Structure formats: C-alpha cells, structure tokens
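Hi,

Here is the structure I promised to pass on to you.

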Amino acid sequence: MVHGEIWTIKELFVYPNEYIYWSIQIVMYPFMTGLVAGAFVLSSLYHVFGIKELKDIAKFALVFSFALLFAAPLPLMLHLLQPQRGLYVFFTPHFTSAIAAFGIVFFTYSAIVASELWFVYRKHFVETAKRLKQKQDRTFGEAAQYIVFTVLTLGAYDIGEKALHADEKAVKILAGVGIPVAAFLHGYAGFIFGSVKANALWMTPLMPVIFIMSAIVSGIALCMFTYIVTMEIRKLLASRRSASYRGYESREQIKGVEVNVIQMTSRYLLLFLVFAISLELLDLVFRGYTAVKSWDVLRSVIYGRDFIDIFILQYGVGNLLPLMLFLWPRMTVRRAVIGVVLVLFGVFMMRWNVVIGGQSFSLTFSGYMDYHLPIMPTNWETYREGLAGALTIMAIPYALFLIFLRIFPVFSEARQK
Amino acid sequence: MITRRDFLRYVVIGAAGTALPLTLTGWKGARAAASKNGPRWVFLLDTYKCVGCGLCVKACKIENEIPFEANVSRTWVERYVVTKDGKVYADSPHAARDGFSGYAVSLGDKGSRIIPPSDIDKAFFVPKLCNQCENPPCVQVCPVGATYQAGDGVVLVDRKWCIGCGYCIMACPYGVRFFHPVHHVAEKCNFCYHRITKGLKPACELACPFGARHIGDINDPVDPVTRIIMSERVSILKEEYGTKPRNYYVGLSREVR
C-alpha cells in the first residue's frame, strides 16, 4: 500500500499520485502550537499589561505553556516518514521553506519561556535549595530535590529586595518580547498553509492572522479548562482536610477565586473569539464574491461535502454556542467548562477543516478525496497517523504538567497569602 | 582636517565595500551563464499522437523501480471524454499502466460509468510527467534542501536527505510527487536523469510506439524538439501558478486539468 492510500477514498477525477498525505498529525500540529502561543499570551496579559485580575491564571498559564511547548513538535515528528532525519531541519535549514524557520522560532521561543519561568520562580528555587541544605537527615527524595533545586538556582542565591525587583523587570521584558515571538511561532504555522499556492483553500494571506487569533482563543480556553479542573480537585481536597489545618484555604475561598478568575478570563476569550470568527467569515465571503477558477470546487466542498464539519460543528457548536454561553449573564463554573470545551472543539474543527478540508478536493478541481481517520491502530502507520497517535499527543502536555507542578509552585502562592 | 592616513584608509574601505557586492553579483552571473552553456531539458508531448496504450507508464515503472502494483507513478496518461451534453469525464485508473480499453470511465473508488460512443463529442489522451518547472514550488518549500534543481533544469530528490514531510507533494500543482512505497521519501519523475546524463533517451520516450513523447534541449537551436516549440503552437499546463513548466504540449484542449 502506498502512503495515504489506506485512509483516502477517491471520487471522480483525481490525479493518480494524489492522496491525503497530511492527516491527523498535521491537524494536531497547529492545534498544539496554537495552545502554546495562546497560553503564553494569556500569561503575558498579566505580566506585561499588568491586568491584576489575571494574576492567578497567568502563572499557571506560563507553566502550562511550557508543558505544551514540549509536545508541540511531536506531531511533526510522528508525521515524518523519516523521523530519524527530523534534526536535519536544524542542521541544513533551507530558508525559502516556511518549515525551515521552525528550528529558530521554536528555540527562541523556548528560551524565552524557560528564562521567564526561571525569573518568576527563582525565589522559590533559592528558598527550597536553602531549606533543604540546612536539613540534617534528608530522605532520598529530598536529596534528589536538593540537587534539582540547587541546579535550578544556577548559582544565583541573591533574593534581596533589589534582586527580586530586577527579576520582575526581566519577567516583564521577556513576556513583552515573548508576545510577538509567540504570535510569530503560530503565525508561521499559518504561513505554512497560506503560502501553498497549489492549494486553493489554503492560499490566502489571512491564514497566519486567522491562525494567531484562533490560537489565542484555544490557548485561553485550554488554560481555563485545566485551571477549573485543578481548582475542582483542590476544592475536593480542601473539603476533605479538616479545618484545623492552618494555611489551607477553605472550599468557599477557592470557589470565590475560581469564579472571579473565570469571569475575567472569559472576557478576553470572547474578544479573541470574535476576531477569529470575523476573519474566517471575511475569508469565506471574499472567496465567494471573487469566485475565481477554484470557487466551483471549493463551494461544493464548503457548502456541500463538508457542510456539517464547517457550519454545524465548527461555526455552530464550536463558535456560536460558546459565544452565547459566555454572553449569558451570571457566569457559573459549570457553564464555563461547557463553553471552553466547545471552544476547544471548535478550534480543533477549524484546524481539521483547513488541513483535511484543503485536501478533500483534487488538484484537478474535478474530483474529491475523503479522509477516513484510522481508529484502531493495526500497525505503526495507523497508530501514528490515527486516533491513537492524536490522543497520545494530547495526553503528553498533561503528564509534563504534573511533573512541572513539583518544580514550579503554581498553586502554593495563593495558599501562603 | 583630514589626515593623509585617514584619507587612504577611507579610500581602501570604500573601494573594498563597493567591489565586494559587485564581485558577488558577477560571480553569481558567471554561475548562471555556465548553466546556460549546457543543456536545458524540456519535454514535448503530442496529444494527437497519444493513444493511451500505457506502455510509457509500464516502462517508467520498470526503469525507475516503482512497484508495479503500487498506485503511484512518475508518469501517467489521462483520458478525457467530452459528451454531447457538454459534460467532461476524465480518468487515469492505476495511472493508465494497463492502457485504456473499453468505454467505462473510472469514477475513482465509486466504480465506473459506461459512456456509449454515440454520446461522445470528442475524446483524447494526455500524457503527464514532471514539468521540471523553471520556478519549482517543490524546491522552494523543502525544509532541508533535499530536493533541488540541477543546472540543466531537472528537479532531483536526495533520497538520503529527504525527511518525508510531504510539503513538496503539497506544493506541486501538478500532482507529480508521491512517497516512494519502498524508500519512504518523496519521489518524482526526473526525465530518467540516470539515462539522459549519459546521452540516452528516457524510458517512456523509448517505449512510446507513436512518438508522442520527446525529450529535448531548449538551449540547442537545432534540436528538433526546440524547433517545434519555437515555430509551432504549443501550450503548457496551469500557467496561472507561475511555476513556468517546461513540458510543452501540442493539441492541448481547454478541458485538460
């Protein structure tokens, strides 16, 4: 079997070599980088623009963005037919290719996020390292912790007021520089598609901007979702602990903070969601109005074959429904959860409709290709380019986040207050 | 007041600063001129002569070791059938490796449709292969430079360097690229580069019993292919993409995709 043949159904006149070569992992790739960029922008809203209400979720978003960052290149790796050569992109980048910029943008961005995290949590590293150093009989775990935190301090033990002030300044600068870089990281993912002149659906200069807007939407939504989940777990823990434990907040305290944060964050989510929908509709209207050569086949795909995917699932369930849920007065946590899950689904469907939709018609403009996502992995190929591979990619950032929580005290600061 | 020493220094820096870019452009120009002296391979395809026998596809698959059963091919033949009610049917089942026979037009994985000869206004065959574009989008998008254009215009793939991302496949408006079923890297027609660089004809041209396909050197004014391209009415495929394809067709109809 030729690569792509297993999940492609051809209809009418399609060139013999045409298959759906870019499948689920290429849907996952912009989805994941979008989450990274969006989470970072959310954290920057607090660090740069000083939006105090977002303080709680901002620190959380930064750590989560870091966890997502490691998962972002994995879909690309799983997609490559020669994954062992993936590093060639860094060794011999061919700069006329949009993908070649990946190495530089990705590493620049990683460096910014990592150093910003270091400045934010430096005080904690130093304090933990000092505390563990003084401890006489360290357990094995504590000894390991001691080594990790000593390394993390990078030898900078000064946590005087002046030094911490300098840290704050550095965080602000890094977060500020990070916003355009995050936008670039994702805008260039949009450029990868928007610059393919052979693909009638992809080729539009709006693609990078649409991608950035929907990226921010999805990033904020995922942060809200994960934030709510972790807060719910903390609420459960808080109600289990007896009131005699001092230092822990009560269930009600956590709930108050949670609703407040969700309300604030959802406003920014709405703002970017409206931007994203407007741009996508502009693109659609423009295509219909100009009606160039490719419009006949595009119309049959958009309004016919992919109607449910685009108008029902993406615009209806993924955009309109959450828009109404968020605009409805008196926001509750439960409604917010439904809203953000629908938003995430909507953004995923948008990526799907771009990547798969762009390949659902032939270069001949007189044939179609249907994509059948491999559900059960029967071999390596149907695993990595199937549902199982996509779910693996989705799970990785959460696993990393659990590990990072042991290093970065995302929630303990609220506890200390 | 400028000293003599400073004056001399500025003169040297200024001269060097002007000369260096000029040298570089001159060097680049020299390189371009060098490639102009050699051949620039092109293909001439006469659709009037093609009968859709598929021998070119068979020969190509054997010569270039593309598994016979694999539903991909470096070259293929398309059949166009225009019916009296103005409908256009087109197909290329298995890249036409078995040739066209009978009146059933393939509808892809959805079966086929028999079109009786009495319904047909016109029908013809169009052979396809890589256009070795002057401005190849596949070369532009390769993230690692594994696909490149040789001085004679042929676009090649380095099987040892291709990472298999498929970006070049996406970028080609002609659908000539695919993943090699054995080597799992991007694959395409290269005008049988291993043959033409030794003065031999490509496999498809040799296999064609009707002389529908000819390779030529556009830089050679006495090459018969060049003479036809220069003196007769020829057309190219999908000009609107700006890729400047170098396959010239005789008798191309507006229905051709």
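Below is what turned up when I went through the model. Please keep in mind that this is a predicted model.

Let me begin with the place where the two chains meet. On chain B, 42 residues are in contact with 38 residues of chain A. Four elements of chain B, namely strand E3 (88–91), helix H3 (137–141), helix H4 (167–171) and strand E9 (178–179), each supply at least two residues of the side that touches chain A. H4(B) gives the largest share of that side, with four residues. By class, the side of chain B that touches chain A is made up of 27 nonpolar, ten polar and five charged residues.

Next, a helix pair within chain A. Helix H7 (residues 161–194) and helix H8 (residues 207–240) of chain A pack with their axes 7 Å apart, at an angle of about 135 degrees.

A:Arg330 is not a glycine, yet has a positive phi of about 55 degrees. This residue sits in the loop between helix H11 (307–327) and helix H12 (333–355) of chain A. A:Arg330 counts as exposed because it has 6 C-beta neighbours inside 10 Å, and the cut-off for exposed is 12 or fewer. A:Phe365, also not a glycine, has a positive phi of about 60 degrees. The loop that holds A:Phe365 runs between H12 and strand E2 (367–371) of chain A. With 16 C-beta neighbours inside 10 Å, A:Phe365 counts as partly exposed.

Last, helix H14 (residues 387–404) of chain A. The 18 residues of this helix reach 27 Å from the first C-alpha to the last, which is close to the 26 Å expected at 1.5 Å a residue. Which residues of H14(A) are buried? They are A:Gly389, A:Ala390, A:Ile393 and A:Pro397. The buried residues of H14(A) pack against four helices of chain A: H1 (24–47), H2 (55–71), H3 (74–79) and H13 (380–384).

Best wishes

Methods
Residues are numbered from 1 along each chain as its sequence is written. Chains are lettered from A and ligands numbered from 1 in the order in which they are written. This is a predicted model: local features need pLDDT of at least 70, side-chain atom pairs count only at pLDDT 80 or more; totals for chains, interfaces and linings use all residues. Two residues are in contact if their C-beta atoms, placed from the backbone, lie within 7 Å. Ala, Val, Leu, Ile, Met, Phe, Trp, Tyr, Cys and Pro count as nonpolar, Asp, Glu, Lys and Arg as charged, and the others, Gly among them, as polar. Axes are lines fitted to C-alpha atoms, for helices over the stretch in contact, and angles run from 0 to 180 degrees between N-to-C directions. A residue is buried if 20 or more other C-beta atoms lie within 10 Å of its own, exposed if 12 or fewer, and partly exposed in between; C-beta atoms are placed from the backbone. The expected span of a helix is 1.5 Å times one less than its number of residues.
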